[in-house]
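Keep the sequence and the 3D view side by side as you read.

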Amino acid sequence: MKLNHLIPLLGLTSAAYAAPQTFDFKDPKGVNNVVFKLDAPLEAINGSASAITGTVSFDPANPAATTGKIVVASESLTVPNPMQKEHLHGANWLDVAKYPEITFAAKSLAKVNTEGSVTTAEATGTFTLHGVSKEITVPIKLTYLADKLSARVPNLKGDLLVIRANFIINREDFNIQKGQYEDKVSPTIDLSLSIAGAAIAK
Amino acid sequence: MKRLLQSLALLVALAAATTWLATGANRGWTKTSVAVKTLDDVTGIEGITYQKKFLPGVDFLGATLGAAAVLAGASLFFRNTTTKPTPKP
């Protein structure tokens, strides 16, 4: 076989290898979480959400092409004080009965920097909270763990993708008690996302 | 009755203060669960679960001390029941 016949074949092979993988973020281990923090006079309100789903398309050979959507069930937002939790879920704040999901749909990545299996970037996408959608850009860190799925879930082979992101949103941008209770609850909310998704090998 | 209410007020105040101090003197709000972090070795993610635990805060302390003050205040509406010595014939 001549060399010029091999070149297209090599191209096809590398294209197949570099195909984007779809990572499912429904976590069987239950460790995926989003931590939120709001400053308040007596004590900061700290809580977390754990019911996270969604899919992300990630190509290890081209992390810049990453897209996807992460969904957090509003009902899973928890704080250790029962009265605060009741208020948080209630109609005056998040109204989880009416707005059951908080989502972030990433459209594009910028300032992509990959070193080994770790990629840092700025993800731009649509963040939807309390029924209001707003385009935001958040710094993210993607860690691609090739062939590590079996270490986490026995009998399953595949790859893992860990996404971490820390960013701040303003509750007033999402019509959550706009202009209200600013002396009692900070208008800014610190969010910290730590999630792992799996792509099962076919 | 006066003495009973005052004793009860003291008991409530002492019990509240002791409970608050014994559970770590939490100067925040009362919590009925605490976050427990567990590290996932493969991904390095710290998972968060909540364990049921009563952790009284300053609102608990304030409410119970307030209740003790109400009991002590209510005792002021009762007269001292001192037994008068019976005159000797």
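Predicted model: local features only at pLDDT ≥ 70, side-chain atom pairs only at ≥ 80, totals over all residues.

Leu142(A) is buried, with a relative accessible area of 2%; buried here means under 20%, exposed over 50%, and partly exposed in between, with a 1.4 Å probe and protein chains only. This leucine belongs to strand S8 of chain A. Leaving aside neighbours within four places in sequence, Leu142(A) is in contact with Phe58(A), Thr66(A), Leu109(A), Ser117(A), Val118(A), Thr119(A), Leu161(A), Val162(A) and Ile163(A), where contact means heavy atoms within 4.5 Å.

Residues are numbered from 1 along each chain as its sequence is written, chains are lettered from A and ligands numbered from 1 in the order in which they are written, and side-chain values use heavy atoms, with hydrogens and water left out.

Now step back to the whole chain. Chain A has 3 helices and 10 strands, running α-β-β-β-β-β-α-β-β-β-α-β-β from the N terminus; these are DSSP runs, with helices being H or I of at least four residues and strands E of at least two, numbered from the N terminus. The C-alpha trace spans about 75 × 35 × 30 Å along its principal axes. Of the 202 residues, 42% count as buried. Among contacts in chain A with a separation of 6 or more, 57% join residues 24 or more positions apart.

Next, have a look at His89(A), which is found in helix H2 (residues 82-89). At 13% relative accessibility, this histidine counts as buried. Beyond residues up to four places away in sequence, His89(A) touches Ser74(A), Glu75(A), Leu77(A), Asp95(A) and Val96(A).

Which residues lie closest to the centre of the largest pocket? The largest pocket has a volume of about 1000 Å³, and of its 49 lining residues the closest to the centre are Phe36(A), Leu38(A), Leu77(A), Leu88(A) and Ile189(A). Strand S6 (residues 101-115) gives the largest share of that lining, 5 residues. On a 1 Å grid over the protein atoms alone, a pocket is an open set of points with protein on both sides within 12 Å along at least five of seven lines, a cavity is a set where a 1.4 Å probe fits but cannot get out, and lining residues have an atom within 4 Å of a point. Grid points are joined across faces, edges and corners, and a volume is the space filled by probe spheres set on the points.

Finally, turn to the loops. Asp147(A), between strand S8 (132-145) and helix H3 (149-152), has a positive phi of about 60° although it is not a glycine. This aspartate is exposed, with a relative accessible area of 61%. Asn175(A), in the loop between strand S9 (158-170) and strand S10 (188-200), also is a residue other than glycine with a positive phi, near 55°. At 43% relative accessibility, Asn175(A) counts as partly exposed.
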